[in-house]
Amino acid sequence: MKETDHRTMVAPDEKRGSLVLTPLVGVYLLYLLITLSHLGDPFPFMGKLYSGDASESSIFAASIALVYLMIGILKRQRITLWLLIAYNSVQCLSEIANLVHLPVQQVVTATGSTVPDYEYRLYAFCMAVLFLILNLVLYFNRRHFDNKSPYLW
């Protein structure tokens with residue numbers, strides 16, 4: 001009879017939790033890469049268009065926050081769940097504020113792109129909806145965030 005190491009055995013609920021949380025890390029990793037790709041570009045946030053040092057600082061801060069949140073998801077931290085919900089809510093509100101307060105022509109001129117008006121508005125709307133859906137996924141899978149330690153390391 002073959003002996004198995006008890007450390008390699010994974011509870012079914014724990015395995016299912018990792019199957020739910022791993023794609024979340026992929027979504028936030030993709031969002032991190034998209035955010036970093038805009039380094040040096042004007043940064044729309046909460047209905048204002050930031051450029052120069054303010055833009056670079058904002059993108060850097062958002063990138064650090066995303067890395068922290070991705071590690072927290074992998075560690076299944078309870079505090080990360082609520083930080084993710086807050087982060088997603090702020091991003092959703094920012095996308096809506098950008099839709100309402102930022103003229104598309106100002107964004108197109110600042111970035112030097114040739115994006116049609118409807119594509120920019122569709123993108124902003126889709127991002128707002130994505131962040132709402134992510135909040136729903138997080139809320140309904142909150143039981144998988146079972147690590148109550150406030151520390152990442």
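Author: Happy to! Let's begin with Asp 146, which is partly exposed, with a relative accessible area of 45%. Here buried means under 20% relative accessible area, exposed means over 50%, and partly exposed is in between, with a 1.4 Å probe and protein chains only. This is a predicted model, so local features need pLDDT of at least 70 and side-chain atom pairs count only at pLDDT 80 or more, while totals for chains, interfaces and linings use all residues. Residues are numbered from 1 along each chain as its sequence is written, and side-chain values use heavy atoms, leaving out hydrogens and water.

The partner of Asp 146 is Arg 76: their side chains meet in a salt bridge, at 3.4 Å from N to O. Arg 76 lies in the loop between α2 and α3 (78-101) and Asp 146 in the segment after α5, so the pair ties together parts that are 70 residues apart in sequence. A salt bridge is a side-chain nitrogen of Lys or Arg within 4 Å of a carboxyl oxygen of Asp or Glu, and by this rule the count comes to 1. In general, side chains of opposite charge can pair when their charged atoms come close.

Now for the elements around the pair. The protein chain has 5 helices and 2 strands, in the order α-β-β-α-α-α-α from the N terminus. These are DSSP runs numbered from the N terminus: helices are H or I with at least four residues, strands are E with at least two.

Helix α3 holds Gln 91, which is buried, with a relative accessible area of 10%. Leaving aside neighbours within four places in sequence, Gln 91 is in contact (heavy atoms within 4.5 Å) with Tyr 31, Phe 45 and Phe 131. Another pairing across the sequence is Val 27 and Leu 134, 107 residues apart in sequence yet 9.3 Å apart in space, C-alpha to C-alpha. Val 27 belongs to helix α1 (residues 12-37) and counts as partly exposed at 33% relative accessibility. Across the protein chain, among contacts between residues at least 6 apart in sequence, 77% join residues at least 24 apart.

Helix α5 (residues 117-140) includes Phe 140, which is exposed, with a relative accessible area of 58%. Buried residues, by contrast, make up 33% of the 153 residues in the protein chain.

How far can you trust all this? The mean pLDDT, the predictor's confidence in each residue from 0 to 100, is 81 for the protein chain, and 79% of its residues reach 70 or more. Confidence is highest in helix α2 (residues 53-74), at a mean of 91, and lowest in helix α4 (residues 104-111), at 68. Over residues 4-10, pLDDT stays under 50, and the model has 2 contacts there beyond four places in sequence.
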